[in-house]
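Please read them with the structure open.

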Amino acid sequence: MEDIKTEIEEKDKQSEIQILPVLPLKGTIVYPFLVVPLMIQQSEQARLVDDALMRGSRIGLFLQKDAKIETPGPDDLYPVGTSGSILKMLRFPDGTVRFLIQGLSRIRIRRFISGSPHLQAEVELLEEVTTNTIKMEALQRNINEQIKRLMELAPYLNEEFYVTAINQDTSSKLVDFVASNLNISLQQKQQLLEEVNIFKRMQMLYQFINKEVEVLELSQKIQAQAANELGKSQRDYILREQLKAIKRELGDLDEKGDAAEFEKKIKEAKMPDYAEQAAYKELDRLANMNPSSAEYTVSRTYLDWLVALPWSNATEDILDLKKAKKVLDEDHYDLTKVKDRILEHLAVRKLKKDIKGPILCFVGPPGVGKTSLGRSIARAMGREFARISLGGMHDEAEIRGHRRTYIGSIPGRIIQNIKRCGHNNPVIMLDEVDKIGSDFRGDPASALLEVLDPEQNDTFTDHYLDLPFDLSRVMFITTANWMEPIPHVLRDRMEVIELPGYTDIEKLFIARRHLIPKQLANHGLSDENLVFQDSAIKMLIDGYTREAGLRNLEREIASVSRKIARQVASGSKKKTILKDKDIAKLLGPVKFSREVLSRQGRVGVVPGLAYTSAGGEVIFVEATSMPGKKNLMLTGHLGDVMKESAQAALSFIRSNCTGFNLNPDLFENQEIHIHVPSGATPKDGPSAGITIAVALASLLTQRPVKSCLAMTGEITLRGELLPIGGLKEKLLASVRLGVKMVILPEDNRKDLSDIPSEIKKKLKIKFFSDALQAVKFALDVSPGDKSRKGKTDRNLKTDTKEKVS
């Protein structure tokens, strides 16, 4: 040791800046004053070691950043390493070289000199920063205590390590020695090598030791718990075997156990051949398992599912078309398209027994009866009914199930509901298919592609069963408020049937026939206690609800029923006959008014028709102008498509100044602002194009729109009026809000056949294919009072050369 110390001292007296050959290290770090065995295989590195040993010179030892790189370059090495001296070398027949090397001091690469035949670099010696303080002494004592605790816990450390550690003569040597033996990452070891401040290096090491002690203590705790669980399992096994022996002596032990019971159930299940083979195979595994094992429970649960599924059990469809129609008419009013489609399916089913179940999609606003219609269809066909809510579903396993390898795994919701129904041909309603989510757990919409494809669902494979199950006889009905969020590939697999909102007359009839009797029964009332006159129902429809469906109307009827029920419960024997004037006394002031009538006659304010997931709506487009630099400002939470429609409408107006008798210079010094209330509600779509164009024309000509007029349609830069969708819902909304006249694209004339005659009688519908003619028709021809006429004259083109501000 004295010779080694003398050699180190002599070498440390050399110049701080030296040129050394560089030996890259993989998976290990050499600290100063430590002797480390190394092995190399590359011939270039072997020559480097030979030269250094023959010359008695030092070499630079630097860790590779990526151990996978065979020939590292300057950028692949950490800049701080250790200078070392080779003590002994051995060469083996396979070409490998093993040698002992002693670390001498910390060094940093200043620059690389050469890369051939091996790396050479100019390095500088890193001087350590030492502060002999009380804090440092206290920290060293803590490190020594933790080293002892680590030695007791770590199986890879022995008492010799602890003795060597506490006998190090300096704090720097202590840290380096412990770091070289500690089970930490190479990056952490490199951090300790690069830190020249001894106190900071000791703090880092103390943190690493504490973490390692915590990990080892937790590991011991887990091992102890596992040993206790194993002991409990062994004890349970012994007790069960003793119990079996007692039962055998008493003659009560059934040697076959569950196997005989399952064999009987498998025969009764009438499975397909492939399912029966899988069931018997699983039964053989079950018979050879220990009942106390966890696998036994998993296998038994799987067999329970296999024998409980209705592989061949189906209900007989009611093929009497008159009876089916009667059932459908009892439960729902109107909805002719849906009823015809169900009756058509039953007619074909009557002629052809093996027809596959249809995949229907009911699309319409909330409250029109989509979900209840599915239950009515099942009753009309004599089938079982199951409903699966897809709203907010994110996990694909909800559809396909979990694989049996997971603890607590079960089949998906499709198989679960078929088992609950007990037949393989139920009516399954997939509710709110437009509100499916997707995240890291999968995409349920993609899993539905196989379920809702008649060409594929006869071999639907649930992950839990891992066997094909025939869903082709199941009648799937999906519901959605609108089609946009549904992926196109899924939409393509479904037959879409639109359920538009109800007219006021339809609501009146449904309330009389369904809603009022239902709520009277729910509140313990009868016709002897409460009677709704038609005027009262109309008041509820017009003044207290504004919806395409019936949910709010039913709530208001329930609210009235509760108040009458309170009177009856208080001892009142009087029969209540409600008229329209009585509603306000029970429910308070009218909640909704005719907004179109209240906002008519204003310049730059135009009602338009929109279609939302809640049905049709009447929205107002407001336009105003102010001095500015011909900018267009758009507000009201508008989407990109609607913003582009506004820009197209402005370009259309500017390009047709002559047609509107406007001065082209009018736009030079004006800034136009378009706003669509309500600002918190998102709005998008191209159908507001004509509405925005009319609002701009009204603003610039200072002429209001004709009273009780609304409009919808997409416009192009050339002035064409393009068709729109959701026509019935939009017209229903316009009637609800008091609109008397509607402007529509000419291409929508063919859609009037689906509009109820009641709506056609209440609305005067004007069709246009030319947007310019539509805008001119919408503007009020009367100039109004003199003040407004004066404003109009200032915007119109004049013979003078003055610019209009």
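1. Which residues form a nonpolar patch on the surface? Val35, Leu87 and Leu100 do, with about 220 Å² of accessible area together. Patches take residues with over 30% relative accessible area and no salt bridge, and nonpolar side chains (Val, Leu, Ile, Met, Phe, Trp, Tyr) are joined within 5 Å. A salt bridge is a side-chain nitrogen of Lys or Arg within 4 Å of a carboxyl oxygen of Asp or Glu. Areas are by the Shrake-Rupley method with a 1.4 Å probe, and for residues only the protein chains shown count as cover.

2. On sources: this is a predicted model, in which local features need pLDDT of at least 70 and side-chain atom pairs count only at pLDDT 80 or more, while totals for chains, interfaces and linings use all residues. Residues are numbered from 1 along each chain as its sequence is written, and side-chain values use heavy atoms, with hydrogens and water left out.

3. Leu87 is in strand β4 (strands are DSSP runs of E, at least two residues; helices are runs of H or I, at least four; both are numbered from the N terminus). Leu87 counts as partly exposed because its relative accessibility is 41% (buried is under 20%, exposed over 50%, partly exposed in between).

4. Helix α5 (residues 171-181) is largely enclosed by the rest of the structure, because eight of its 11 residues are buried. Among them are Leu174, Val175, Asp176 and Phe177.

Technical notes: Patches are made of residues with over 30% relative accessible area and no salt bridge: like charges are joined within 9 Å, nonpolar side chains (Val, Leu, Ile, Met, Phe, Trp, Tyr) within 5 Å. Buried means under 20% relative accessible area, exposed over 50%, partly exposed in between (1.4 Å probe, protein chains only).
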